[in-house]
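Open your viewer and keep the selection tool at hand.

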Amino acid sequence: MVTTTFEEKITTPRFNVDEIPHIVVHAEVCQDCSVRACVYVCPANLFVPLDDGGILFNYEECFECGTCYIACNQEGAIEWSYPRGGYGVTFREA
Amino acid sequence: MTLFSRESARRLFQNVAQMVGTNGTNGTNGTAATTDTTVAPARKNTTLRTANPEQFDVIVVGAGPAGSAAALVAARAGLKVLLLERGEYPGSKNVSGAALYGSAILDELIPKWWEHAPVERYISRRMLSFMSPETSVSLDFRSTNYAQPPYNGFSVLRPKFDRWFAAQAEAAGAFLLNAAVVDDVLWKDDRVIGVRVRRDAGDVCGNVVIACDGANSFLAKKAGMQREFHSHEMSLGVKEVIGLDEQTVRERFHLQGDEGMAVEYLGAITEQVHGGAFLYTNRDSLSLGVIGQISSFVAQKQRPYELLELFKAHPAVAPLVRGGKLREYSAHIIPEAGWEMLPRLYTDGMLVAGDAAAFCFAVGLYLEGINYAIQSGLAAGEAAVAAHRDKDFSAYSLARYKDQLNKRHVLTDFKRYRHTPGFINDARLQNFYPEVVAHGAERLFRVDGTAKKKLLPIAWETMRHFQIKPGQLLKDLYHAGRSFGW
């Protein structure tokens, strides 16, 4: 069996990171959320719950799949767009 | 700073008539498959900002299978076509299984396409596996008829295949622009007249805009043609490409030469998440992954990549991937609700095709997307060509897209299977019954000195073991019949 850790997985695609984040999480809205859907569903594990009720988010290794904003049940928590052309994830085999 | 180099601009835009705004009539929008009132109306307040914008006949947004098919058809008819891709090359952001069924469709477009395209293996063996945690029951289908040109399907790697397909559109005369993300459609007098690319002076005009911008389809939403999606309508697929040497792939799956195999798994493989799993053989690698309804990942608090590891560890799967090396991990969403989530397909100056139009056929027996993407792209391209013949780009004229979609069996297939996604995207169907079948089979084949029983008593015991209510079973059988039988 080929067991791989998440850390090993996430090193395989190439990421051309833009300095402008394409997704913005308004953590103050997350304070009212008890579901924390984003934390579980993100295939790139980009959402980290904080002790103060907020969410720590990093856009850099994003697959641009859209799962987080579809799963999110807090209006206005996630501002979602694609990265600038040519930036973001690049798959070579996928 | 302008969008195009001077040379390409000269080559492409000589003597382009400014047709926009002279021929369109204010027709009604295309009717959606379902009249969903939650579609946000387009604000239509994005108007042209760039002075002297480039003018095209057709602008295709997204160079996936739908976009490249549309661009190819339009370019072959002599139209000036702009094909926009947000990745650094076509396919660089695209993920699917990937099995490309319907080889014959491409064969009509590009004869013997498989001799030129980067394909992995032709699929002549298909397997459907029902799993319990310890057991699997499989339907194993193999046909040498699928091993003859034009073949039935191929396994492909999307970054390679999509790049090749877009190059065919380019060869036909379409202008491909990579690294161009489209943020909005442009409006004039209630009609779509172009798109806004995120860069300086990024507005471009086209008589017909074809949105092939993928499952999220922001363009269709901006144009008021698609509603927001619910998390039970969308599935998330996570996938790995695992490298093995060519000989091992052949021996492990009993394949000869370029022969390949596609396996779909249902049952305990996805734990309590509604979904399934897949495994396709490539030349010297395997593509495998799990697919689950987004809402049920949330309900189960299941991390998708951990589910992928559980799948790989299943006793029926582990021996298949043994000794392999991870080449790439990826993820993508899949519109799985079929007919229920189809958008308005045409409006004044704009069409929607491919995943953007939710043309993904995920109905249990079938897991097909690329073929419908290509068919809908071709239909959109044909509708755009016909609209140029009439010099009429109104919704009334572009309604031909719907006729072409019917002729190409896209809408008819989705309509025929309209009850199926709602029925099968459910825990009972995707997780429970497959496990029941696997369990029943184990009972059937067990020899342990106890009396042999006939099928009905075994079925009855299995039903009691799983506490299946006869009423529910009858109801499910009726729905199964309605979904797949008649």
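A residue is called buried if 20 or more other C-beta atoms lie within 10 Å of its own, exposed if 12 or fewer do, and partly exposed in between, with C-beta atoms placed from the backbone. Helices (H or I, at least four residues) and strands (E, at least two) are DSSP runs, numbered from the N terminus.

Before you start: this is a predicted model, where local features need pLDDT of at least 70, side-chain atom pairs count only at pLDDT 80 or more, and totals for chains, interfaces and linings use all residues. Residues are numbered from 1 along each chain as its sequence is written, and chains are lettered from A and ligands numbered from 1 in the order in which they are written.

**Stop 1: a helix in chain B.** Select residues 455-465 of chain B. Now step to B:Gln467, which follows α16(B). Its phi is positive, near 55°.

Stop 2: Select B:Lys112, in the loop between α3 (103-109) and β4 (119-131) of chain B. Its phi is positive, about 50°, although it is not a glycine. Is B:Lys112 buried or exposed? B:Lys112 is exposed, with 11 other C-beta atoms within 10 Å. Next, pick B:Ala179, between β7 (175-177) and β8 (182-188) of chain B. B:Ala179 is not a glycine either, yet has a positive phi of about 55°. B:Ala179 is partly exposed, with 18 other C-beta atoms within 10 Å.

**Stop 3: cis peptide bonds.** Zoom in on B:Gly97 and B:Ala98. The peptide bond between them is cis, with omega near 10°. B:Ala98 sits in the loop between β2 (81-84) and β3 (99-101) of chain B. Then go to B:Pro149 and B:Pro150, joined by a cis peptide bond with omega about 5°. B:Pro150 is in the loop between β5 (136-142) and β6 (153-156) of chain B.

**Stop 4: where the chains meet.** Show both chains. Two residues are in contact if their C-beta atoms, placed from the backbone, lie within 7 Å. The contact takes 47 residues from chain B and 32 residues from chain A. Which element of chain B gives the most to the side that touches chain A? Colour β15(B): it gives the most, with eight residues.
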